[in-house]
Amino acid sequence: MQGKRILLGVTGGIAAYKSPDLVRRLRDRGAEVQVVMTGGAREFVTPTTFQAVSGRTVRSDLWDAAAEAAMGHIELARWADAVLIAPASADFLARLATGQASDLLSTLCLATEAPIAVAPAMNHVMWANAATRTNVATLAQRGVQVFGPAEGDQACGEIGEGRMLEPVDLAERVLALLPASGALAGRRVLITAGPTRERIDPVRFVSNRSSGKMGFAVAQAAREAGATVVLVAGPVSLPTPAGVARIDVESAADMLAAVLRELPGTDIFISTAAVADYRPARAAEQKIKKTAESLELAMERTADVLATVAARADRPYAVGFAAETESVEQNARTKLMKKNLDMIAANEVGHDKAFDCDDNQLIVLSRNGRHELPRAGKLTLARGLIALIEQDLAARAAARKRGPALA
Ligand code: CTP
C-alpha cells in the first residue's frame, strides 16, 4: 500500500472509537490517510485524535474557507486512490444511496472516481430494516464494496449483525480494492509455506520445526510487488498477509494436490515449505496402544512437490529453498540442478538457526548468479528475494528480445 492515498470517512456511530486504530493500520502498510468526519462522528471522537494518528488536518466542513483554499473538495475527491467509510452509519448509507451532497463527505463520495467501500456499523434491527437493506443493495449494485458487518455483542447491549469489522480486517480489504502496481503486477505467484504433518495414528503425527514465517513473508513481499498471490500453508498459527489467498493443508500429499490444482496460470512458484520427506507407511486407524517395549515405524517417501512442479513441460519460474546443516552452498547448488530450478535460496538450519526465528540470512543462487542477503528480518529478506526474482525475469525477457539478433 506504499504511498497509496486513502480517504477515510468517519460517520456518527460508537464504532468510530475504533477508527483511529484503522488509521494506524493503514499507515503501517505505507498508506497516506486523509480523514473526513461527519458532524455525527465528531460527537464520538475528536478531530484532534485523528489528526494525531493520521498526521494530516482532519476535514469535515464543506464551507471551511481556509481548508478549501488549501485543497478544494473536488481536488480532495481526485486525490484519493480509494475511499473507505468506516463506520458507515444507517443515515450515511441512505444519503450515499440517494446521491446527496449535504455535507463534505457525501459530496466527496459523489465527486470521486476512486473505488468506494463502506463498513456498516449499527444496531442489528436498524441493519435488518428494509430501508437499510434496499440502500445497501443499491450501493452494491453501483459497485460500492460492502465490508461486513460482523455479528456479535453490540454497544447497545444486544447481540446481532451490525458490528463494524475489526480495523486489521478492514485495512486488508482496502488493500485488495486498490489496483495492483509494481514489478509483479499481472503475475500469479504460488507459494508453499510451513511444515506438513504426516499421520501416525488419529492423535499423533510426524512434523518439523518450521514456523511458516519465511513463506508468509515471501507471500507479503510478492503481494506488495503487485502479484496475485496464492499461499498453500501447512499447519501454522500466522495471520494471512493482506490481499493473499490462502489454502490450508496438512500433509505432503494434501500440499501436492493443492499446488497442482492451483498451478494453471501460475508464473512463479516459490517453495518455502518444509515438506516432510517421509511419512508413516500406514497410518493406524486407532490410537496405537502402549503394549510393546519398543515401537518401529515403517516410513515411506513422500512426493517432492517442488521437483514435481519443476519437471512439468508447462512449468512456471521455479524457486526452491535449501535447508542445510552443513556445506550450505554446495548442497544448495546440487539441489538447484537436480530439481531443475531457476533459483534457490539457501540457509543454514538447526542449532537454533532459521527455524522459528524472526531473522535469517540467505545465499541466493540462480543459473548464472550468486547473491548474499545479509542477516535481517524475514520480511526484509523476502523483499530482497522477490527483487532478485524480478531482476532475473527482466534479464531473461531482455535476452529473449536480443535472441534473434544473436542467432
Ligand atoms: N521440497 C518439496 N517437497 C518435498 C521436499 C522438499 O517441495 N517433499 C522443497 C522444499 O520446499 C524446498 C526444496 O524442496 O524448496 C528443498 O528442500 P530441502 O528440505 O532443503 O531438501 P530436500 O529435497 O528435502 O533434500 P534433503 O532433505 O536430502 O536435504
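Modeller: The structure holds 24 salt bridges, each being a side-chain nitrogen of Lys or Arg within 4 Å of a carboxyl oxygen of Asp or Glu. The model is a predicted one, in which local features need pLDDT of at least 70 and side-chain atom pairs count only at pLDDT 80 or more, while totals for chains, interfaces and linings use all residues. Residues are numbered from 1 along each chain as its sequence is written, and side-chain values use heavy atoms, with hydrogens and water left out.

One of the salt bridges brings together the side chains of arginine 56 and glutamate 32, at 3.0 Å from N to O. This pair ties together distant parts of the chain, 24 residues apart, since glutamate 32 belongs to strand E2 (residues 32-37) and arginine 56 to the loop between helix H2 (47-54) and helix H3 (65-70); helices (at least four residues) and strands (at least two) are DSSP runs.

At the ligand itself, 16 residues form the surroundings, and the closest are Ser271, Ala273, Phe321, Lys335 and Lys339, where a residue is near if one of its heavy atoms lies within 4 Å. Two of these lysines also make polar contacts, meaning pairs of N or O atoms within 3.5 Å: an N or O atom in the side chain of lysine 339 is 2.5 Å from a ligand oxygen, and one in the side chain of lysine 335 is 2.7 Å from a ligand oxygen. The backbone takes part as well, with a polar backbone atom of alanine 323 lying 2.9 Å from an oxygen atom of the ligand. Of the 570 Å² of accessible area (Shrake-Rupley, 1.4 Å probe) that the ligand has on its own, the protein covers 77%. Helix H12 (305-310) and strand E16 (317-324) are the elements that give two or more residues to this shell, and E16 gives the most, with four.

Most residues other than glycine have a negative phi, and most peptide bonds are trans. Elsewhere, the peptide bond from alanine 86 to proline 87 is cis, with omega near 0°, and proline 87 is placed in strand E3 (residues 82-88). Another cis peptide bond, with omega about 5°, joins glycine 148 to proline 149, and here the proline is found in the loop between strand E5 (145-146) and strand E6 (150-153).

Notes. A polar contact is a pair of N or O atoms within 3.5 Å; within protein, one must be able to donate a hydrogen and the other to accept it, and residues adjacent in sequence count only if both atoms are side-chain atoms.
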